[in-house]
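User: I'd like to learn how to read a structure like this one. Please show it and take me through its features in turn.

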Amino acid sequence: PTVTLTKNDYRTIHAARTLGLKNGDTLRAGIVRTNQIPGGFLTDQDVDPHPHAGNVTDQATIEWFPEGKIKKAEPTARGEPPGS
């Protein structure tokens, strides 16, 4: 699966500032199951709404998509995400 996070998402900021990840870097990623669904909560009888919930990989790859004035696909000098 592929996931694109917005520039201001806390996970994007963490990848840029704390981890300092560059294009092509590998990291551990996973999809956490949630018991919340729009309008309520899942019960034991409900089916998990996301088919990839619980999947984990140690081979996820970062690919930055620069936005706005930023042209380089890497975190800025201040550690900010370049985009999504």
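Analyst: Start with Asp9. Asp9 is buried, at a relative accessible area of 15%. Buried means under 20% relative accessible area, exposed over 50%, and partly exposed in between, with a 1.4 Å probe and protein chains only. Asp9 sits in the segment before helix H1 (10-18).

User: What kind of model is this, and how are residues numbered?

Analyst: This is a predicted model, with residues numbered from 1 along each chain as its sequence is written. Local features need pLDDT of at least 70, side-chain atom pairs count only at pLDDT 80 or more, totals for chains, interfaces and linings use all residues, and side-chain values use heavy atoms, leaving out hydrogens and water.

User: How should I read confidence?

Analyst: pLDDT is the predictor's confidence in each residue, from 0 to 100. Where pLDDT is low, the predicted coordinates should not be read in detail. Here the chain averages 78, and 71% of the residues score at least 70. Confidence is highest in H1, at 88, and lowest in strand S2 (residues 36-37), at a mean of 54.

User: Which elements does the chain have, and in what order do they run from the N terminus?

Analyst: Helices (H or I, at least four residues) and strands (E, at least two) are DSSP runs, numbered from the N terminus. This chain has one helix and four strands. The order is α-β-β-β-β.

User: What share of the chain is buried?

Analyst: Of the 84 residues, 18% are buried. For the surface, accessible areas come from the Shrake-Rupley method with a 1.4 Å probe; for residues, only the protein chains shown count as cover. The accessible surface of the chain is about 6500 Å², with 52% belonging to carbon and sulfur atoms.

User: How do I read contacts along the sequence?

Analyst: A contact means heavy atoms within 4.5 Å. Take contacts between residues at least 6 apart in sequence: 56% join residues at least 24 apart. Thr12, in helix H1, is a case to look at. Leaving out residues up to four places away in sequence, Thr12 touches Leu5, Thr6, Lys7, Trp64, Pro81 and Gly83. Thr12 counts as buried, at 4% relative accessibility.

User: What does the side chain of Thr12 reach?

Analyst: A polar contact is a pair of N or O atoms within 3.5 Å; within protein, one must be able to donate a hydrogen and the other to accept it, and residues adjacent in sequence count only if both atoms are side-chain atoms. A polar atom of the Thr12 side chain lies 2.8 Å from the backbone oxygen of Thr6. Likewise, a polar atom of the Asp9 side chain lies 2.7 Å from the backbone nitrogen of Arg11.

User: How many salt bridges are there?

Analyst: Side chains of opposite charge can pair when their charged atoms come close. A salt bridge is a side-chain nitrogen of Lys or Arg within 4 Å of a carboxyl oxygen of Asp or Glu. The count here is three. Arg11 and Asp9 form one, at 2.8 Å, N to O. Arg11 is partly exposed, at 43% relative accessibility.

User: Where do the other pairs sit?

Analyst: Glu80 and Arg17 meet at 2.6 Å, N to O. This pair links distant parts of the chain: Glu80 is in the segment after strand S4 (56-61), Arg17 in helix H1, 63 residues apart. Arg28 and Asp58 also pair, their closest N and O atoms 2.5 Å apart.

User: Are Arg28 and Asp58 buried or exposed?

Analyst: Both are exposed.
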